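Hi everyone, thanks for coming. Let me put the model up on the screen, and then we'll walk through it together.

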Amino acid sequence: MRRPIVGVAAALALAAGVLAWQSMATAEPAPEVSYTLLDGSSGSTTALKGKVVLVNFWATSCVTCVKEMPQIVATYNKFKSRGFETIAVAMSYDPPAYVSKFAQTRQLPFGVAIDNTGQIAQRFGDVKLTPTTFLIDQQGRIVKRYVGEPDFAALHALVEDLLKKG
C-alpha cells in the first residue's frame with residue numbers, strides 16, 4: 001500500500017515542478033513604462049530589471065486597496081534588503097491630493113506613482129479593476145497577476161522563490 005502512495009506523491013511533485021517551470025518559461029515580458037513618483041523622482045520598469053518587483057494598481061477610494069496596503073508595506077519591508085521593489089500606481093481617476101495624503105499619513109516606504117494619463121494601466125493590459133497587482137521577476141517577466149487581494153502567504157513564498165533563483 002505504501003508504494004502506490006509514494007509513487008502518486010512523486011508524480012504529483014513532478015507535475016507541479018513541470019507546471020511551475022512552464023509558467024516561468026512562458027511568462028510574458030512586463031511592459032516598458034516610465035513614471036514619476038510623488039517625491040518628483042522618475043523611474044521605469046526597465047531600470048528595475050535585476051530586481052523582483054511588485055506593481056500594485058490601487059485607488060484611495062478602493063476599500064480592498066486600503067485594507068491590503070499594510071500587507072503590501074509588510075511585504076516590501078520583509079524583502080527590500082534582498083533585491084525586492086514595490087511600486088504603487090494610483091489610478092488616473094484618483095485625485096492626486098488624496099494619493100499624496102494617503103501615502104504621507106500611512107508612511108508608504110516605497111515609490112508611489114500617479115497614473116494621471118492612464119497610460120501605465122493601459123500598458124499593463126488595460127487595468128480597470130483595483131487592486132490589480134503584478135509580480136515581475138529579475139528578467140522583467142510578469143510571473144503572476146492578482147486581481148483583488150492576494151493570498152499574502154502564497155505571494156511571500158513566490159517572492160522568496162524568485163529571490164533565491166536570482
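**A walk through the chain**

Let's start at phenylalanine 124: leaving aside its neighbours within four places in sequence, it is in contact with Pro31, Val33, Thr45, Val55, Phe57, Phe134, Ile136, Ile142 and Arg145, where contact means heavy atoms within 4.5 Å. Before going on, please keep in mind that this is a predicted model, so local features need pLDDT of at least 70 and side-chain atom pairs count only at pLDDT 80 or more, while totals for chains, interfaces and linings use all residues. Residues are numbered from 1 along each chain as its sequence is written, and side-chain values use heavy atoms, with hydrogens and water left out.

Phe124 is also among the residues with the most contacts inside the largest nonpolar core, alongside Phe57, Trp58 and Leu135. That core has 49 residues; by nonpolar core I mean a set of buried Ala, Val, Leu, Ile, Met, Phe, Trp, Tyr and Cys residues joined through side-chain atoms within 4.5 Å. Buried is under 20% relative accessible area, exposed is over 50%, and partly exposed is in between, with a 1.4 Å probe and protein chains only. Of the chain's 166 residues, 43% count as buried.

Now the overall layout. The chain has five helices and eight strands, in the order α-β-β-β-β-α-β-α-β-α-β-β-α from the N terminus on. These are DSSP runs numbered from the N terminus: helices are H or I with at least four residues, strands are E with at least two.

Next, threonine 133, which sits in strand β7, residues 132-136. Is it buried or exposed? Threonine 133 is buried, at a relative accessible area of 0%. Its side chain makes a polar contact of 2.7 Å with that of asparagine 56. A polar contact is a pair of N or O atoms within 3.5 Å; within protein, one must be able to donate a hydrogen and the other to accept it, and residues adjacent in sequence count only if both atoms are side-chain atoms.

Finally, helix α5. Its N-terminal end is capped by aspartate 151, with a side-chain oxygen 3.1 Å from the backbone nitrogen of alanine 153. Within α5, Phe152, Leu155, His156, Val159, Leu162 and Leu163 are buried. Down the axis of α5, these buried residues fall within an arc of 125°, so they line one face of the helix; the arc is that of the directions from the helix axis to the C-beta atoms. On the other side of α5, Ala153, Lys164 and Lys165 are exposed. Just after α5 comes glycine 166, with a positive phi of about 65°.
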